[in-house]
Amino acid sequence: TFSAPDDALGDDLKLHLPAGEPGKRWRNLLNDCQILLHNHPINAMRNSRGAAAVNSLWFWGAGVLPSDVRSHVTNVVSDDPTVAALANMAGIKVTASEPCWHYVASASQAIDLRTTPSSGLESQWLQPLDVALRHGEIALIDIALRSGERLRVKARHRWRFWRRTPDARQ
């Protein structure tokens, strides 16, 4: 059990870590993180420009893994270890994000483009996915973008240009 960040703010963090033997692991981890942060080159740059150094982390809400993970997708494309772990728990195939990625033909894809450089986004990702949708090789794609937006694209969405816009209805 951890204290909420607001309760620990301004106090000795070690007083708010779990006690006893389980807390020892967290105290050691906190100490290792503080050493790593103290020696990190980004903190040296922050210090040189007069900004405060990042000198600690706050562990909170360790929680437990969910007992069951379900999703409508049958393939996930991501380099994020958390996304990959959840997909593995759900029994979903995980493919690493790579330039010139070739989709896995399946009913539905979840594609994490949050770390994909924008330079190759259209040619290496969006165009091949559009072709796969048009040929019926993928029925649904859920896309996560760097901006935080999430898109769900279905093959039938290609025909949306026929729909009237709200302005055209007036």
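These are my notebook entries on a predicted model of one protein chain.

**Entry 1: the whole chain**

I began with the overall layout. I found 5 helices and 5 strands in the chain. Going along the sequence, I wrote their order down as α-α-α-β-α-β-β-α-β-β. Next I looked up burial: of the 170 residues, 28% count as buried. The chain exposes about 12,000 Å², and carbon and sulfur atoms supply 56% of that area. I also looked at contacts between residues at least 6 apart in sequence, and 49% of these join residues at least 24 apart.

**Entry 2: helix α2**

Helix α2 covers residues 20–38.

Which residues of α2 are buried? I listed G23, W26, L30, C33 and L37. They cover an arc of only 80° around the axis, so they sit on the same side of α2. The spacing made sense to me once I recalled a general rule: an α-helix has 3.6 residues a turn, so residues three or four places apart point the same way.

I turned the helix around to see its other face. The face turned away from the buried side carries the exposed residues E21, R25 and L36. I also asked what covers the buried residues of α2, and α3 is included in that cover.

**Entry 3: W60**

My next stop was a tryptophan. W60 lies in the loop that runs between α3 (41–48) and β1 (75–77). Is W60 buried or exposed? Its relative accessibility is 51%, and because exposed means over 50%, W60 counts as exposed.

I then looked for its partners. Setting aside neighbours within four places in sequence, W60 is in contact with F2, S3, A4 and P5. I noted L17 too: W60 and L17 are 43 residues apart in sequence, while their C-alpha atoms are 9.0 Å apart in space.

**Entry 4: a nonpolar patch**

Last, I went over the surface. L65, L86 and M89 form a nonpolar patch there, with about 290 Å² of accessible area together.

Notes
Residues are numbered from 1 along each chain as its sequence is written. This is a predicted model: local features need pLDDT of at least 70, side-chain atom pairs count only at pLDDT 80 or more; totals for chains, interfaces and linings use all residues. Side-chain values use heavy atoms; hydrogens and water are left out. Helices (H or I, at least four residues) and strands (E, at least two) are DSSP runs, numbered from the N terminus. Buried means under 20% relative accessible area, exposed over 50%, partly exposed in between (1.4 Å probe, protein chains only). Contact means heavy atoms within 4.5 Å. Patches are made of residues with over 30% relative accessible area and no salt bridge: like charges are joined within 9 Å, nonpolar side chains (Val, Leu, Ile, Met, Phe, Trp, Tyr) within 5 Å. Accessible areas come from the Shrake-Rupley method with a 1.4 Å probe; for residues, only the protein chains shown count as cover. A salt bridge is a side-chain nitrogen of Lys or Arg within 4 Å of a carboxyl oxygen of Asp or Glu. The expected span of a helix is 1.5 Å times one less than its number of residues. The arc is that of the directions from the helix axis to the C-beta atoms.
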